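I have a new structure open, and I am keeping short notes as I look things up. Come along and check each entry against the view.

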Amino acid sequence: MFSSFLRFIGIVGFIINALHKANSCDLPAKGNPYFPNNFSFGIATSAYQIEGGWDADGKGPSIWDDFTHNYSHLIDKNSTGDISADSYHHFDQDLAALKELKVNHYRFSISWPRIFPNGDISSRNQKGIDYYNKIIDKLLKNGIQPMVTMFHFDLPVDIQKIGGFMSDKFIEKFVAYATELFENFGDRVKIWMTFNEPQIFCKSSYADGRYPPLAGISGEGDYICVTNTLKAHAAVYKVYRSRFYEKQKGKISIALGNYFFLPKSNETEAAYRALQFNIGFLAHPIFHTSGGFPKVMIEDIKSNSLKEGRLTSRLPSLKGYWKNLIKGSADFFALNYYTSRMMQRAVQPKGLNPSWERDMDCDESLDPSWLKATSGTWLYCVPEGLEGMLKFLRDEYGDLEVMITENGWSDVGELDDVSRIRYLKSHLQAVLNGISSGSNITAYTYWSLIDNFEWRSGYSIKYGLYSVDFQSSNRERTPKKSANFYREVISSKKIPNEIHV
Ligand code: BGC
């Protein structure tokens with residue numbers, strides 16, 4: 001596996017060099033220009049980012065409500081998601097956009113504190129359940145398949161009070177919540193994701209203190225969080241399989257990813273190591289035939305922990321019951337991909353001591369040819385990274401069904417969003433290239449349907465195919481050029497040569 005990864009990395013290096021002179025956000029086509037007939041095109045959002053209605057109809061507070069209300073100075077322009085795009089009151093406008101695009105699926109997340117206001121089953125809120133029933137029914141009535149994420153960062157405050165992801169209790173609470181979702185929506189929802197991007201929220205919430213609850217337990221809290229997330233995910237998978245699957249026949253996964261890593265010059269081992277420390281951290285226990293955390297993480301974190309004078313590893317051990325329960329606990333790979341970094345082994349120890357960065361022990365850099373998004377600091381257009389990720393998944397985890405569950409480009413909100421079209425074009429090409437190379441990719445999901453609350457960046461960064469008038473009381477949506485482009489892709493099942501917008 002590693003050797004075929006190395007061969008591929010050599011080819012990617014060659015492609016990158018060839019593209020180096022241009023400011024590249026393009027990808028050469030390989031093979032069939034058409035997406036398969038049954039390929040599903042969709043678009044994504046998440047509850048806290050679009051819904052607003054933060055305390056409507058009995059909803060309880062999430063840690064993001066608490067954070068934006070009490071630490072507003074940490075958010076661009078002191079913004080909150082209290083109203084945001086107000087999808088809670090204007091879902092019909094979202095539906096109109098979905099219909100206009102003619103998407104096959106819509107990925108949205110359910111707000112746990114809308115269903116159980118204090119996180120616990122005893123607080124069950126029928127109005128919250130009614131809201132999602134309405135959404136699901138309207139989608140299905142219009143031929144749009146719901147793809148549902150159970151958790152997209154908005155943890156009920158009371159679950160945080162009992163320790164959040166640090167506590168074993170979390171597993172039991174999450175299973176009760178997921179069971180409620182299967183009972184109420186499972187007759188109609190056939191694609192589920194338990195969690196969105198645990199490696200991002202675990203690090204941001206429990207290590208570097210960027211997201212609530214601002215717990216700076218670096219190199220330990222983040223690892224406990226990932227471990228408990230994997231356990232909760234697998235426990236939910238077990239409940240679904242034993243109690244619901246026979247009748248409901250749905251599929252379950254967990255959305256992983258965000259970055260791919262390429263080698264800086266010939267540092268192939270560093271790129272592979274970074275992939276294991278990021279995607280492999282959660283994917284290896286679920287999708288690899290041997291299960292458990294990646295070997296390189298187990299060995300190096302233990303060795304670092306002992307050097308720090310500890311008696312045991314900071315990485316919790318995954319053995320016996322849990323290792324077996326987690327192994328195989330997904331029906332497809334839900335991949336989020338945005339961008340890439342070049343990696344080399346660290347010249348000197350980096351990051352906090354201890355930390356995920358220090359354990360990973362790599363320095364990251366950028367290729368100067370990569371096109372940078374005009375907003376934010378981290379997003380560069382690297383479509384070959386998506387191809388690389390798909391190849392990595394094939395090599396590491398074998399013949400899997402892959403659904404791309406997020407991929408998106410940000411700007412400052414212009415309607416004439418040609419850079420977004422360019423990003424979309426090249427990443428759709430990467431999907432086609434992946435299919436030609438043998439990946440079983442069945443879905444692509446653009447992030448995001450509408451401009452929305454971009455976490456600590458507030459409303460300064462926009463990802464939507466539709467702009468939202470945040471000044472108007474009904475938050476009118478207006479299509480950008482990229483909406484027309486995506487609609488054309490969906491109707492023709494190919495990437496248009498000319499952009500007719
Ligand atoms: C997250 C979204 C976020 C997007 C852009 C993704 O990783 O799932 O919530 O808006 O990145 O930053």
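I call a residue buried if its relative accessible area is under 20%, exposed if over 50%, and partly exposed in between, with a 1.4 Å probe and protein chains only.

**Entry: the ground rules**

I am reading a predicted model, in which local features need pLDDT of at least 70 and side-chain atom pairs count only at pLDDT 80 or more, while totals for chains, interfaces and linings use all residues. I count residues from 1 along each chain as its sequence is written, and side-chain values use heavy atoms, with hydrogens and water left out.

I checked confidence through pLDDT, the predictor's confidence in each residue, from 0 to 100. The protein averages 95, and 95% of the residues score at least 70. I marked residues 13–21, where pLDDT stays under 50. For that stretch the model has ten contacts (heavy atoms within 4.5 Å) beyond four places in sequence.

**Entry: His 105**

I looked up His 105 and found it in strand S2, residues 105–109. Helices (H or I, at least four residues) and strands (E, at least two) are DSSP runs, numbered from the N terminus. Is His 105 buried or exposed? His 105 counts as buried because its relative accessible area is 0%.

Next I looked for polar contacts, pairs of N or O atoms within 3.5 Å; within protein, one must be able to donate a hydrogen and the other to accept it, and residues adjacent in sequence count only if both atoms are side-chain atoms. The side chain of His 105 has one with the side chain of Ser 40 at 2.7 Å, and one with the side chain of Thr 445 at 2.9 Å. Leaving out residues up to four places away in sequence, His 105 also touches others, including Phe 41, Ile 144, Met 147 and Tyr 444.

**Entry: the disulfides**

I searched the whole structure for disulfides, meaning pairs of cysteine sulfur atoms within 2.5 Å, and noted two. A disulfide is a covalent bond between the sulfur atoms of two cysteines.

Cys 25 and Cys 381 form one, with sulfur atoms 2.0 Å apart. This pair links distant parts of the chain, 356 residues apart: Cys 25 is in the loop between helix H1 (2–19) and strand S1 (40–44), and Cys 381 is in strand S9 (residues 380–381). The link is right-handed, with 75 degrees about the S-S bond. Both Cys 25 and Cys 381 are buried.

Cys 202 and Cys 225 form another, with sulfur atoms 2.1 Å apart. Cys 202 sits in helix H9 (residues 198–206) and Cys 225 in helix H10 (residues 221–248), so the pair ties together parts 23 residues apart in sequence. I wrote this disulfide down as left-handed because its S-S torsion is about -65 degrees. Cys 202 and Cys 225 are buried too.

Counting bonded cysteines along the chain, I get the pattern 1-4, 2-3.

**Entry: the ligand**

Which residues surround the ligand? With a cut-off of one heavy atom within 4 Å, my list includes Gln 49, His 152, Glu 197, Glu 406, Trp 447 and Trp 455. An N or O atom in the side chain of Gln 49 is 2.8 Å from a ligand oxygen. For His 152, a polar side-chain atom lies 2.9 Å from an oxygen atom of the ligand. The side chain of Trp 455 has an N or O atom 2.9 Å from a ligand oxygen. The protein covers 95% of the 310 Å² of accessible area that the ligand has on its own (Shrake-Rupley method, 1.4 Å probe; for residues, only the protein chains shown count as cover).

Most residues other than glycine have a negative phi, and most peptide bonds are trans. I therefore noted the exceptions, citing that background again.

- Pro 212 and Pro 213 are joined by a cis peptide bond, with omega about 10 degrees, and Pro 213 lies in the loop between H9 and H10.
- Trp 447 to Ser 448 is also a cis peptide bond, with omega near 20 degrees.
- Phe 153 has a positive phi, near 80 degrees, and is buried at a relative accessible area of 4%.
- Lys 493 has a positive phi near 60 degrees, and its place is in the segment after helix H17 (481–492).
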